[in-house]
Amino acid sequence: MSDLILSSERRLTAVEFQQLASVPAAVEWFANIDNPRTRRAYQGDLEDFCGFVGLTTADEFRSVTRAHVLAWRAQLEQRGLAATTIRRKLAALTSLFDHLLERNSIAGGNPVHGVKRPRIETNEGKTPALGDQQAKALLDAPPLDSVKGVRDRAILAVLLYHGLRREECAQLQLNDLQERRGIKHLRIKGKGGKLRFLPLHPVASERIYSYLEKSGHHLLTPQGALFVPLRGRLTGLGITANGIYALVGVYAKRAGIEVAGLGVHGLRATAATNALEHEADIAKVQAWLGHANISTTRVYDRRQLRPEDSPTFKVRY
């Protein structure tokens, strides 16, 4: 294991990594990761592991053992990486080896299985959530006298009433407004291409249809995006995920909301926290958010952290 740690500074060249990635099963694994941000993160994680262990050919994946993975985890901890980052890196490696085993590209078991992930010490998470009054102020921040303002009011309502990721919101198409059992729903294309259908909140519904009436772009490009940039209504292309991130920041500032680190994910945390505080079933919130694991949903369950529920206020003398 000491030899492995001595090689921790080694990094593969681009050519060496491409040689490793050229193994057909690994290529297929990368191709099956739909989200480009996840793909980039996982590629960096794989490069990190290969560089640490010193893999130079695809065949050397067959010789990787749990000891290699344990040494890599120890080195990641020594580098001071966050627990969530280390967990993601181990998840990437687990996923790759599971795929290689499934395709009979390697023999034996998955060397990452049984390697403990570092614990995330807090149940609250680092994503900030807004209070109810802040959420209301943000919802009402965009003006009503312009197409942009009405569009942005609809976007904020979709985010705050449905807990969408920014990519999910940006990818919404006009035909994702669907009626199911007599109730309007949003069809959401989530991570890994998984679909989920969310009942459309009345406030979001009213704002979306007000926006469509004012914009009229649904008549010009009926198969296009739901939310379009002001200069791209005829193209059918939608507002970008980065554009949605930017508008959240602009309106948060306009509403006087000063919350460090607030972004679209903060609105997702706000929606999840609010639903849980109003007694939504956590398993249903998990499906609503599109989480693969309920432990991810529990990060948003802050009901035990409300100051007003503290035993402090139950003490009487």
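**Cavity, pocket and helix contacts in a predicted model**

Helix H4 (36–53) and helix H6 (83–102) each contribute at least two residues to the lining of the largest cavity. Helices (H or I, at least four residues) are DSSP runs, numbered from the N terminus. A cavity is defined on a 1 Å grid over the protein atoms alone as a set of points where a 1.4 Å probe fits but cannot get out, and lining residues have an atom within 4 Å of a point. The model is predicted: local features need pLDDT of at least 70 and side-chain atom pairs count only at pLDDT 80 or more, whereas totals for chains, interfaces and linings use all residues. Residues are numbered from 1 along each chain as its sequence is written, and side-chain values use heavy atoms, with hydrogens and water left out.

One cavity of 30 Å³ or more was found. The largest cavity has a volume of about 30 Å³, where volume is the space filled by probe spheres set on grid points joined across faces, edges and corners. Its lining consists of Trp29, Tyr42, Asp45, Leu46, Trp72, Lys89, Ala92, Leu93 and Leu96. H6 provides the largest share of this lining, four residues. By class, the lining of the largest cavity comprises seven nonpolar, no polar and two charged residues; Ala, Val, Leu, Ile, Met, Phe, Trp, Tyr, Cys and Pro count as nonpolar, Asp, Glu, Lys and Arg as charged, and the others, Gly among them, as polar.

The 20 residues of H6 should span 28 Å at 1.5 Å a residue, and the end C-alpha atoms are 28 Å apart, which agrees. The expected span is 1.5 Å times one less than the number of residues. Asn104, which follows H6, has a positive phi, near 60°.

Two aromatic pairs are present; rings of Phe, Tyr and Trp (its six-membered ring) pair if their centres lie within 6.5 Å, with planes under 30 degrees apart counted as stacked, over 60 as edge-to-face and the rest as tilted. Phe49 and Trp72 form an edge-to-face pair, at 5.1 Å centre to centre and 70° between the planes. Phe49 lies in helix H4 and Trp72 in helix H5 (residues 66–78), so this pair ties together parts that are 23 residues apart in sequence. Phe49 is buried at 0% relative accessibility, and Trp72 is buried at 0%.

A pocket is an open set of points with protein on both sides within 12 Å along at least five of seven lines. Of the 13 residues lining the second largest pocket, Asp132, Leu160, Tyr161, Ala271 and Asn274 are the closest to its centre. Helix H7 (132–139), helix H8 (147–162) and helix H13 (264–277) each supply at least two lining residues of this pocket. The lining has seven nonpolar, four polar and two charged residues. Helix H13 also contains Ala272, which is buried at 0% relative accessibility. Ala272 and Gly163 are 109 residues apart in sequence and 6.5 Å apart in space, C-alpha to C-alpha.

Terms used: Buried < 20%, exposed > 50% of the residue type's maximum accessible area, 1.4 Å probe, protein only.
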